[in-house]
Amino acid sequence: MKYYIVIPSYNEEALIPLTLQSLISQTVLPSKIVVVNDNSTDKTAEVVLEFAKENPFISLVNKTSENIHLPGSKVIQAFQKGFETLDDNYDIIVKLDADLIFPSNYFETVIKHFQSDSKIGMAGGFCYIEKNGEWILENLTDKDHIRGALKAYRKECFEQIGGLKPAMGWDTVDELLCKYYNWKVVTDESLHVKHLKPTGANYNKTARYKQGEAFYSLGYGFWITSIASAKLAMMKKKPVLFLDYIQGFWKAKWAKKPMLVNAEQAKFIRNYRLKKMKAKLF
């Protein structure tokens, strides 16, 4: 199976060499890697071009955008810019962050998952962060969820869910729509990926409100949003975030912000979330 990779990047001069080195060291190489340089002010572009000299399947796309970091929209707009440069002669499309180090068998293993079952729509491993000299599982990890840092999609699934949504919550709605369309999401605990920057390290208060807005746009409704907000705030060990998330939800609801899903999909998502919550409680 042929896989293409798109890597949105902003000021990743120090880390993207480690990511690219781990990708060109894969036991099954990608057919194409597109790095999108999203208005970087460092030498990200030069670093990528150096790799491209020795690896012709690597290319660079430059994008101009605002420097404001809003999770979701900015990164997916950059992803889309890179994706548009690709042909459709692929079996798997992959969105990666520019601060990851992959084990050499990562994509060989991911491909084997896709080959094992034609209904597998997404597959991925787990992110580990360094703490006190040890690599530990990132605390935001849910064992049946693939982190936004390393998403791999079967082409047919990617097309059916309508690609990636340029909004916060994109890396949740993709999996929920996979399940809505009866695709399987597979995670592999044996695939340990080093995540060099903790998720959300650059998020500001505006971005935290965006999380509540994302819960609204996913069709969660108030009660599921409240539970999800409490859980996420506890996982981040910042209880005050709960209030930010709830405020963001109500702001979006009062403003009648556009949804990421239609009414039927929202109903499916609420039922799915409730079913999962009940399973964990009982």
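Modeller: Helix 8 passes helix 9 in a right-handed crossing. Right-handed is when the near helix is turned clockwise from the far one by less than a right angle, left-handed when anticlockwise. Helices (H or I, at least four residues) are DSSP runs, numbered from the N terminus.

Biologist: What angle do helix 8 and helix 9 pack at?

Modeller: About 150°, with the axes of helix 8 (residues 221-235) and helix 9 (residues 241-255) 8 Å apart. Helix 8 is therefore roughly antiparallel to helix 9. Over 145 degrees counts as roughly antiparallel, under 35 as roughly parallel. Axes are lines fitted to C-alpha atoms over the stretch in contact, and angles run from 0 to 180 degrees between N-to-C directions.

Biologist: Which residues of helix 8 and helix 9 meet?

Modeller: Helix 8 brings residues including Phe222, Thr225, Ser229 and Leu232. Among those they meet in helix 9 are Phe242, Tyr245, Phe249 and Trp250. By class, this contact has 10 nonpolar, 4 polar and no charged residues. Ala, Val, Leu, Ile, Met, Phe, Trp, Tyr, Cys and Pro count as nonpolar, Asp, Glu, Lys and Arg as charged, and the others, Gly among them, as polar.

Biologist: How far can I trust the details?

Modeller: This is a predicted model: local features need pLDDT of at least 70, side-chain atom pairs count only at pLDDT 80 or more, and totals for chains, interfaces and linings use all residues. Residues are numbered from 1 along each chain as its sequence is written, and side-chain values use heavy atoms, without hydrogens and water.

Biologist: Switching topic. Which domains is the chain divided into?

Modeller: Domain 1 (3-195) and domain 2 (206-279). The bounds come from an automatic or database domain assignment. Their centres, over C-alpha atoms, are 25 Å apart.

Biologist: How many residues of each domain are in contact?

Modeller: 18 of domain 1 with 21 of domain 2. Contact means heavy atoms within 4.5 Å.

How values were computed
Helix = DSSP H or I, 4+ residues; strand = E, 2+ residues; numbered from the N terminus. Parallel < 35°, antiparallel > 145°, perpendicular 65-115°, else oblique.
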